[in-house]
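Trainee: Can you walk me through this one? I'd like to start with the strands.

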Amino acid sequence: MAIKQIRLPDGSEVVIDEWLHYQQFSTIEFAAATAVNLRAFTYVQGQQIPTQGVVPGGPRTATESDTNQVAKTRMNHDEAYLCYALTYEHFALTNAEVGEDPATLLAPAPVLLSQNLRRLQRDLVISLVVGANIKKPQARFPFSRIGQSIGSPAFTSTQALAVNTAFSYGTGGAMTASNQRRFQLPVYIASDRVFYLEIRSFPGAIADLSQAVRMRFFLDGLKRRPVA
Amino acid sequence: MAQLWKIRLPNGKTLTPGDWTSAEDLYSTVEIGTGSFPVLTAFSYGRGASIPGSVAQRQSTLADTNLEGEGNRIPENEELIAYSLAIEVFMIGTENVQFPDAISPADAPDVSLLNMLRLQRDILVITRIAAVKEYTRQPLGVFAAGTGVTQYNSAAINAVSGDPYVVGNNGGTSVCDSRQMASPLYVAGGEGLAVDVKPGPGQVNNLNLEVGSRMRLRLFFEGYRRRPVA
């Protein structure tokens with residue numbers, strides 16, 4: 001059990017906290033031609049990753065690489081979080097191709113085609129909801145407004161990479177650590193408080209999306225951990 | 001209404017609780033087609049109403065606007081302090097295949113560089129608050145999106161035609177690329193708010209779009225919003 005308070009001999013109390021800069025992350029997966037309505041941070045390692053549509057290999061069991069949540073859909077009872085920003089990284093689960101016999105490869109998995117990322121930016125709305133049965137999100141943005149600060153830039157040659165290959169890869173802005181929209185007023189997630197991140201396509205199926213996608217969302221901020 | 005407006009303390013003082021957030025921009029959408037149009041007004045409708053300029057008066061969803069109520073004003077239980085107006089552009093549909101530009105467009109929703117320059121050349125953005133004053137009247141390019149996709153290409157092609165393409169964006173694609181106002185715009189609860197998207201020449205000249213296709217402009221007020229405390 002964590003030490004939270006110490007009562008001194010003179011009767012005064014000292015509250016012990018350890019706050020550290022810590023990214024909390026969670027993964028979702030969805031196929032092309034699906035109306036995405038998924039919730040991240042709703043599972044822990046060993047449970048199924050929220051998945052929509054038919055993705056290669058089917059729904060997966062979460063590993064350490066998919067989430068560092070230790071409680072489902074809530075902040076652990078001896079932890080708390082001050083969220084200053086949201087960000088993400090993306091990985092395609094299928095290739096993007098066009099034409100037949102032979103097809104032209106546009107983006108081999110895990111590369112996400114730049115137009116596909118733009119389609120996600122157009123249609124997805126991301127909501128951070130804190131509290132049980134609370135409708136008002138603490139943060140909500142169309143996906144385009146969330147900068148991508150985690151991922152790889154690419155440094156390409158100017159010529160075609162290979163026969164029948166026309167490569168294109170996209171990131172949500174320049175790949176720098178500063179490319180995330182910092183909340184001037186942070187969002188506080190108290191201990192044991194229900195929270196989740198809703199990822200939803202309000203127009204329905206994402207038009208023209210041609211790849212299945214894995215997305216790993218990050219809360220960036222300060223986490224209070226127990227002092228053992 | 002189960003909503004906290006005021007709290008009276010034992011000493012007689014009153015507190016007005018407010019939930020201020022910087023984590024939910026206020027946004028609205030309009031759509032531009034080819035041909036002349038006088039003006040399209042963003043923030044003139046609430047969620048669920050039809051989008052100005054859209055094909056068949058498309059009904060708005062949360063992907064288009066988060067303004068509630070009848071539009072043209074901020075709800076009475078909200079306030080806005082905006083430090084930035086950012087406008088992003090998507091192509092919905094295709095460019096005109098019969099009369100193509102000299103450079104092929106990318107696939108939707110990317111906007112070709114030629115069309116983006118035409119929009120930036122001809123569109124004015126006019127912000128009206130309280131219906132008595134204008135607070136902006138500048139070209140579209142001033143209101144950089146700060147959103148978009150940074151592309152890394154190597155002989156990339158348009159999937160429709162198989163041609164190489166050139167893509168544009170309303171300013172840089174990173175968060176820091178949107179322009180911050182040195183003096184913020186304040187909109188009180190219940191006060192009028194609208195942003196007119198107006199083509200100076202009466203239309204966006206030479207905008208290359210297929211009939212029934214549109215340029216979708218999504219406008220964001222970024223800053224602080226006061227929301228109701230339930």
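Mentor: Start at B:Leu26. Its bridge partner in β14 of chain B is B:Phe221. Keep in mind that this is a predicted model, where local features need pLDDT of at least 70, side-chain atom pairs count only at pLDDT 80 or more, and totals for chains, interfaces and linings use all residues. Residues are numbered from 1 along each chain as its sequence is written, while chains are lettered from A and ligands numbered from 1 in the order in which they are written.

Trainee: Over how many bridges do β4(B) and β14 pair?

Mentor: Seven, in the antiparallel sense. Strands pair if DSSP finds at least two bridges between them. Strands themselves are DSSP runs of E, at least two residues, and helices are runs of H or I, at least four, numbered from the N terminus.

Trainee: Is β4 of chain B buried or exposed?

Mentor: Seven of the seven residues of this strand, 26-32, are buried, so β4(B) is largely enclosed by the rest of the structure. Buried means 20 or more other C-beta atoms within 10 Å of the residue's own; exposed means 12 or fewer; partly exposed is in between; C-beta atoms are placed from the backbone.

Trainee: Which residues sit on which side?

Mentor: B:Leu26, B:Ser28, B:Val30 and B:Ile32 are on one side. B:Tyr27, B:Thr29 and B:Glu31 are on the other. In a regular strand the side chains alternate between the two faces of the sheet.

Trainee: And chain B overall?

Mentor: Chain B has one helix and 14 strands. Of its 230 residues, 45% count as buried. Its C-alpha trace spans about 75 × 35 × 30 Å along the principal axes.

Trainee: Switching to chain A. What is the strand order in the open sheet of four?

Mentor: β4-β13-β9-β10, with antiparallel pairing. β4 (37-40) and β10 (139-142) of chain A stand at the edges with a single partner each, so one side of each has no neighbour in the sheet.

Trainee: How many bridges join β9 and β13 there?

Mentor: Seven bridges, linking residues 124-130 with 195-201 of chain A. One partner pair is A:Leu124 and A:Ser201.

Trainee: What about helix α1 of chain A, buried or exposed?

Mentor: Ten of the ten residues of α1(A), 114-123, are buried, so the helix is largely enclosed by the rest of the structure. Among them are A:Leu117, A:Arg118 and A:Asp123.

Trainee: Last one. Where is A:Thr61?

Mentor: In the loop between β5 (51-52) and β6 (80-92) of chain A. A:Thr61 counts as exposed because it has 11 C-beta neighbours inside 10 Å.
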